[in-house]
Every structure is written in C-alpha cells, then in structure tokens.
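Open the model in your viewer and keep the selection panel at hand. The stops below say what to select and what is found there.

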Amino acid sequence: MSPQRSEQLLLIPLRLAAMSAAVICFLIVALLVLESLPALNNIGWRLLSDANWRPTPAAADGAFRVTPMVVATLVITAGAVLLAAPLGLASALFCRFYASPSVAVVYRRLVELLAGIPGVIYGFWGLVVLVPLLGAWRPPGASLLAASLVLALMILPTVALISESAMRAVPQRYVRAAAALGLSRWGTIRSVILPSARRGILTAVILATGRAIGETLAVVMVVGNIVRFPSGLMEPVRALTGNIALEMGYASGDHRSALFFSGLVLTGLVMVLVLFANRLGHRGAISDA
Amino acid sequence: MLDRVLTQPRAKCRKVTLPDRLAALLVWTVATLVAGMLLWIVLDLLRHGLPHLSIGFLLDAPRDAGRAGGIAPVLVATAMILIVSLAVAVPLGLATALLLSEYIRRGSRFAGFVRHALEVLAGVPSIVFGLFGNALFVRYFGMGYSVAAGGLTLACMVLPLFVRASEEALRSVPDDFRRAADALGLTRAAAIRSVLLPAALPGILVALVLSTGRALAEAAALLFTSGYVLRVPESLGDSGRTLAVHIYELAMNVPGGESQAYATGVVLLGALLLINLLTALLGRRYGAQVQGVRR
C-alpha cells in the first residue's frame, strides 16, 4: 500500500468522526420537532389560548397554556442580565485597570472558580440561604427575584471573563494615545476602552443571556414553581426549563409532547442568541467561557 | 500590565476628577461584593457539609432515601457515567480535532461546517440534551433509564468542549515538529502517532480533565436519561444517580435531606476543585514544555 493510499484511508474515519457533531445537532433538532408534532397537532393554538396549565396525557382533557412560563423565563432572564451585566463589566474593569497585578491574578482565579461551580450548588445555596433570607423579608421567599439573583451570580463570570478578554484585545497604542492626551483612568476607560471593546462586551452579555435562558436546576430550586404570569418580583413563578425538569418524569402522550415543544422553543431562543453572538465576531473570546 | 501603568491616576499631569473617584469606588465595591459572594457560597457549604463528611460517608450505602448513611452507590454511578461519556467523547473528539488541525485548511468549507456544528452544539441548553437523550437513547434505542443512556447524552454534551481544547493542544505543537517528521520521511499517520500526539499529550489531558469537570457538574441532562435510582448500578443497563443529581434530589424531594445534600455538595465541589488544580498544573507543565522546545 502506498503512503498516499494509507493517508486517504485514515482520512475517511476522521471525516466521519468530525461529522458526528453535525449529526448530533441534526438529531437534536429532528427529535425535538418529531416529538413536538403530536402537541402541535392535538393542542396547537391552545398552547397560547387555554385557561391555564393542567396537563393530561390526552390533549382533550387538559389545559396547556405555556405562555405564563415563557414570560416568566424571559422576565427572570432579563432580571439576571440586568444585574450581571454591570457587575460583570465592573469585575472585568477591576481586573484590567484597577487591581494591582497580583490582586488581579487572584481575582481572576476567583471569577473562574465562580464559573466552575455547578448550577445545582448555586440552586442549593439559593434554596437554603437566599430563599429563607428573602422569605423573612417578604414570604414565601421562593420567587422571581430569588431566581434572578442566583442566575445573575451564575452568569456573572461569563460576562466578566469574555469582556475582559475583549478589553485585552484593545490595541495598546489606543491606551498610550489616551495617556498622551492626559486622560484620567476613568476617562480612558469611558472614551477609549469601552467604545473599542463594545462588540466583545455585547457578545459577552448575549452569551450570558443564552446561559440564563437555558439554566434549569438553579432556577427550579429557588423559583417556587407555581404556573402563573409574573405579577411582582416577590411572586413565585415557573420557568420553561423548570417545567420540563419537574414534569418529564411522569409525562406521557400529548403532555410529554408539549414538554418537547417547550424544549424546541428554548433551543430556538438560545440558538438565535448564539448565532447572533457568533456573527458579532470575537470568536476567540467565546472559547473562554 | 501596560494598561494599568498608563491609566494610573497618580501620573502628575492628570487631574483626578470626581467621576474618577466614583468609578474607582464603584469598581472596588463590585469586586469586593463578587469575591464576598463566592466566599459566602463556599464557606456556607463547608461549614454545614464538613461536619457530616467522613470516610464512612464515602463508603457507606445510603439509608432512609439518602437522609442518613453514605453516598457509595452515587460515587460508583458517577464514575460509571463519566467513563462511558469519556469513552465515547474522547475518540470522536480527538479524531475531529486531528482532522481540523492537521488535515484540512482553516478556511475550508468542511472545517467551517464542522466548527459551526460544534458551536451550535455548545449552545444547546442542558435540559434539551436531557430531552434528546430521553427520546433517542432511552426510548428509540430502548436503553431505558440507564448509565449507558446518561453517559452517551453527556458525551454529546462535552464533545464541543473536548474538541476545542484538544484542537488547541494540537495547534500549539510547533511546526518544526511537523517539518522534522516530514524530513524524516514519516507518513502523516506515523507523524501523528509518534510525534504530534506525544507532544500534544499534556494539552489533550487538559482537555480530558476539563470535559470531566463539565460532566461532573451536570445534572439536568441526566434526570431523564440515567435517572435517579439510589442503588449501585450492576451494569451499564441499570439506572444510577450522579453526585449532582443526588444533591438535587435530596434538596428538592427528600424533606430532611439537607445536611446530606451539604456533605455531597462538599464532595462534588472538592472533586471540581481538584480538577481545577490538575488543569492548572498540567497547563503549567505543558507551557514550560512548549517553551523549552522553542528555545
């Protein structure tokens, strides 16, 4: 066998292996759609128009309104991002411009550690520490606010690490030029660093939003899980992800199918965000998170 | 570091204005707050979890739905699921990384296609992986709630991370190595086996360790694939519960399971910290090795 031939022979399995990611993506979407079809056929618009969420295996017996959970997911996510974006950005600025080099190294390690803590542990901490604290102030404690707080903490490292690497990519000569102009530290940050790193920072916030929408267990554990439209920060609600986690265990028939449909909606939401973030560029940074 | 020097406010020629002071105050406050939150979470876990931790806790079977006893079956199930997922993800991922770094040009269409698929896969929420695994492995493949189904689901989930990290490892092998292999008349396959893979090994180990960490932390994808049976799985076809799932079950569905959940949390966090440390150490050795080569 000639060397060229053996080369070709090796390429075939490698190419097949490399296709696996694409095949898995295809299977995920195909299965979600396939499993959602009964819900779309038998429940259809009732997903929006039913009186409430009282799922049964047969579509005719139950009620299947998912909108309160979609809205709850969006509100929880918005709250988390509103909190995490400024805090994460400030963390990045601290590392890059305020802390001394040794403090910055330690602080970055801390943020990386925060990024490595599993969602389950955030959720557990929220359940046993945060929820009772909030409950003492305004019962029951398990609420939209608790979920937003826990999620904010979870996605803060994403914002901080990606925006820091975006700031690192700002050319040194900009900073030197700002120094030559006599700009102060804050002046440099506001008029040089933030404008030139804004795409990277936006990418960071979008990716963090995607993570917040998709997070399941940390939310389930602190949000109270009552299906209704959010009417106040301290009200318990149920998120779309949490609904899947809570009901997949016993769901069957059209109920199960409706859960797959909520998975499809979630995937759609997150995909739009991820693709948008990728289009914004700054690919190197994405790999940091 | 230059940024920091150049933006130091003490430079004589600059005015330090009120907004400057306010910004500095704000940034320092946030940094303190974030560090404080991390300490709060970790210390709370340690304070309540450490007293329940003992060798017995690791080696005993749980009693009373996990309210008492240990977590031995959970540890066994966790290890089994990890092994299955890595056994699938590592060969697939390594082959993908080899193809991307050694065989096809960066800008080629196939490379773009594979990269795009990996990016999409990395963005899929973990609960959706759970749905996917439940539909494909548990139902269509008829595996039921099992270690195998959970491991395969996790393999799909960690694949993008493993590919990216090991591709980075392969790319950071100096091109001199490839030229030297060419000069020796090695075929590409031989060059990969006896030059590139050994040189990239520490980096590939980092990829392995990172993927293990991701898999260990996961629970949502496992609830409906490997399930939550609290026994030692006797085969890959049995259901088993990982550490992360155990914490979730104890906290949510077992009243009075809190202290055991704390202790399990300490074990999980300890394992992740160990992994973190291992990555850092490997990374350092790896960096030194590549630098040594360049010198």
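Start in the loop between α10 (217–220) and α11 (240–247) of chain A, and select A:N225 there. The model is a predicted one. Check the backbone: A:N225 is not a glycine, yet its phi is positive, about 60°. Most residues other than glycine have a negative phi. A:N225 counts as buried because its relative accessible area is 13%, where the cut-off is under 20%.

Now go to chain B for a second case. Select B:D64, in the loop between β1 (62–63) and β2 (68–69) of chain B. B:D64 also has a positive phi without being a glycine, with a value near 55°. Is B:D64 buried or exposed? With a relative accessible area of 52%, B:D64 is exposed.

Return to chain A for a peptide bond. Select A:P139 and A:P140: the bond from the former to the latter is cis, with omega near 5°. Most peptide bonds are trans. A:P140 belongs to the loop between α5 (119–137) and α6 (144–168) of chain A.

Next, select A:W137 and A:R138. The charged end of A:R138 is placed over the ring of A:W137, 4.8 Å from the ring centre. Another arrangement of this kind involves two chains: A:R15 lies over the face of B:F110, at 4.8 Å from the centre of that ring.

A:F94 is buried, at 2% relative accessibility, and A:Y107 is buried with a relative accessible area of 5%.

Which residues does A:A21 touch, leaving aside its neighbours within four places in sequence? The contacts of A:A21 are B:A117, B:L118, B:L121 and B:L159. A:A21 is buried, at 1% relative accessibility.

Now select helix α10 (residues 243–253) of chain B. Nine of its 11 residues are buried, so this helix is largely enclosed by the rest of the structure. Among the buried residues of α10(B) are B:H246, B:Y248 and B:E249.

Chain B has 11 helices and two strands, and along the sequence their order is α-α-α-β-β-α-α-α-α-α-α-α-α. Its C-alpha atoms fill a box of roughly 65 × 65 × 35 Å along the principal axes. Of the 295 residues in chain B, 54% are buried. Contacts in chain B between residues at least 6 apart in sequence join residues at least 24 apart in 72% of cases.

Colour chain B by atom type and then by charge. Chain B exposes about 13,400 Å², of which carbon and sulfur atoms supply 65%. Chain B carries 27 positive and 17 negative side chains, and the centres of these two sets lie 9 Å apart.

Methods:
Residues are numbered from 1 along each chain as its sequence is written. Chains are lettered from A and ligands numbered from 1 in the order in which they are written. This is a predicted model: local features need pLDDT of at least 70, side-chain atom pairs count only at pLDDT 80 or more; totals for chains, interfaces and linings use all residues. Side-chain values use heavy atoms; hydrogens and water are left out. Buried means under 20% relative accessible area, exposed over 50%, partly exposed in between (1.4 Å probe, protein chains only). A charge sits over a ring if NZ of Lys or CZ of Arg is within 6 Å of the ring centre and within 35 degrees of the ring normal. Helices (H or I, at least four residues) and strands (E, at least two) are DSSP runs, numbered from the N terminus. Contact means heavy atoms within 4.5 Å. Accessible areas come from the Shrake-Rupley method with a 1.4 Å probe; for residues, only the protein chains shown count as cover. Lys and Arg count as positive and Asp and Glu as negative; His and the chain ends are not counted. The place of a charge is taken as NZ of Lys, CZ of Arg, CG of Asp or CD of Glu.
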